[in-house]
Amino acid sequence: MDFTRKLSFLVFILCLLFSLKNQNAETNKGSLNMNWFSSYSSPFSKAPLESRPTIHHSSKLEWNTQDFQYSGFESLRYDYYSDSCPGAERIIRSTVRELYNLRPSIVPELLRLVFHDCFIQGCDASVLLDSSEEIHSEKDSPPNESLKGFDQIDIIKEELEEVCPGVVSCADIVVLAARESVILAGGPFYPLYTGRKDSTRSFSDEATFELPSPDDDIIKMVQLFESRGFDSRETVSLLGAHSTGVIHCKFIANRLYNFGGTHKPDPSIDPEFLNTLRTKCTGIEASFSTSASPSRSPSGSPSPSPSSPSSALSSALIKQPGMRMDYEGPRADFGTLYYRSLLQNRGILFVDQQLTASEETQNWVRGYASDASLFGKDFAMAMMKLSSYQVLTAPKGQVRSDCRKVA
C-alpha cells in the first residue's frame with residue numbers, strides 16, 4: 001500500500017471514529033475539530049501543484065456532532081473492491097483521463113451528474129436510468145434536460161464489466177468519476193468510501209421540483225440544501241463546483257434582458273460584465289417582448305410567465321456558446337476565482353450571485369475568495385458528504401450490468 005492510500009485510509013478511520021462517537025452522543029451539541037491534510041492534492045493529477053490549493057496543518061474544520069449521521073454512510077467502507085475488483089478505482093481513474101484527453105468538457109458534465117444524482121433520493125445512480133414502461137426517467141425532468149455525462153459512465157462501466165462483471169455499482173462509478181473530474185479541474189483530491197448499490201427506481205417528480213434552480217434566491221437555495229443536511233458553509237462550498245463548465249444562454253437570458261419581467265437587466269450585475277454576457281448571448285433581446293412559457297408557481301403547478309423564454313427560444317439559446325465559468329482559463333484558481341467574481345457582482349447565474357445576499361453566506365464567499373486552502377478543505381469535505389448522502393447498501397439495491405437499465 002503506497003503512501004497516498006495509507007493517508008487516505010487514516011482519514012477514513014478518523015471519520016469512522018467520529019461517526020461512531022456521534023451516534024453515541026445524540027444530545028451533545030458541541031463541535032469537533034479535525035486537522036486536515038498538509039497537502040491535499042492528488043498525486044495522479046496532471047495539473048501543476050501550484051495551481052491547486054495547499055492545505056496547512058493550521059487549518060481547522062469544525063463539525064457539528066450530527067454531520068456524519070446521514071443514512072448509509074456507516075455501511076460504506078474504504079477500498080470496498082480490494083478483493084472483488086482490486087483494479088476498479090484505477091480503471092475509473094484512467095478511463096476518465098482518457099476521455100478527458102479526447103473531450104475536456106466531460107469534467108463539468110461528470111461533476112454536475114453526481115450532484116443531480118445524489119441530491120435526489122441519494123447517491124444511487126437513479127439519474128442514469130432510461131425511461132421504460134415501469135420507469136419515468138429523471139433524465140426527462142426539466143432540470144435534467146441539459147444533463148450530460150451518461151455516455152461517459154457507460155464507457156467506464158463497459159471497461160469494468162470486462163474485468164469484473166457484475167461487481168462495481170454504477171453509483172460508485174458516478175461518485176468516483178466525479179472525484180477525478182474535480183482533480184482534472186484543478187480541485188482537491190478527497191478520499192471516498194465505496195460499496196454503494198444501484199436503485200431500481202427513478203424519481204422524476206422529485207427531480208422536477210427539488211433540484212435547485214439557476215433562478216433560486218438565497219432563501220430557497222439554503223432551504224433546499226438544509227433539507228438534505230447541508231449547512232450554509234457547506235452550501236457555499238459546494239456551489240464552488242461552478243468554477244468549471246459552460247453556462248448556456250438559456251439559463252441567464254432573463255438576467256440579461258428581462259429580470260423579473262421588468263424588461264430590464266438584473267441590477268446586481270456589474271455593468272461591464274453585463275455587456276460581456278450580452279456579447280456571448282446575442283440576438284435574443286427582442287424575443288422577450290413576446291415570449292411566454294410555463295414556469296413553476298409557488299404551489300409547484302405550471303403557470304405562464306412573461307419573464308421566461310419560449311420553448312423555441314430556449315432551444316435556440318441552449319445551442320449558443322454560452323459563458324465559461326472559468327473564463328480566465330481552465331484550472332485558474334479553482335474556486336477562488338468563482339468567489340472573487342461574486343464579490344465583484346460578476347456571478348454568471350442568479351443563484352450564484354445570491355450567495356452574497358445574506359451576511360452568513362457572504363462571509364463564506366469572502367473567506368473562500370481570500371483563502372484557497374480553506375476552500376479546498378471545505379469543498380473536499382462537502383463532496384465527501386454529498387457522495388455518501390442516503391446511499392443504498394446491501395441487502396438493498398442492486399449492481400446493474402447496464403447503468404441505464406434495472407438488472
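**Exercise 1. Find how many disulfides the model holds, and how their cysteines pair.**

The count comes to 4 disulfides, where a disulfide is a pair of cysteine sulfur atoms within 2.5 Å. A disulfide is a covalent bond between the sulfur atoms of two cysteines. Number the bonded cysteines in sequence order: the pairing is 1-4, 2-3, 5-8, 6-7.

The model is predicted: local features need pLDDT of at least 70, side-chain atom pairs count only at pLDDT 80 or more, and totals for chains, interfaces and linings use all residues. Residues are numbered from 1 along each chain as its sequence is written, and side-chain values use heavy atoms, with hydrogens and water left out.

**Exercise 2. Describe the disulfide of Cys85 and Cys164.**

Step 1: distance. The two sulfur atoms lie 2.1 Å apart.

Step 2: handedness. The torsion about the S-S bond is about 80°, so this disulfide is right-handed.

Step 3: place. Cys85 sits in the loop between strand E2 (60-64) and helix H2 (88-102). Cys164 sits in the loop between H4 and helix H5 (170-184). The pair therefore ties together parts that are 79 residues apart in sequence. Helices (H or I, at least four residues) and strands (E, at least two) are DSSP runs, numbered from the N terminus.

Step 4: cover. Is Cys85 buried or exposed? Cys85 is buried, with a relative accessible area of 1%. Cys164 is buried too, at 7%. Buried means under 20% relative accessible area, exposed over 50%, partly exposed in between (1.4 Å probe, protein chains only).

**Exercise 3. Find which helix gives the most to the negative patch.**

Step 1: members. Glu98, Glu158, Glu159 and Glu162 gather in a patch of negative charge on the surface. Like charges are joined within 9 Å.

Step 2: helix. Helix H4 (residues 150-163) gives the most, with 3 residues.

Step 3: one member. Glu159 is found in helix H4. Glu159 is partly exposed, with a relative accessible area of 36%.

How values were computed
Patch = residues over 30% accessible without salt bridge, like charges linked within 9 Å, V, L, I, M, F, W, Y side chains within 5 Å. Areas by Shrake-Rupley, 256 points an atom, 1.4 Å probe, with all protein chains shown as cover. Salt bridge = Lys/Arg side-chain N within 4 Å of Asp/Glu carboxyl O. Lys, Arg positive; Asp, Glu negative; His and termini not counted. Charge placed at Lys NZ, Arg CZ, Asp CG, Glu CD.
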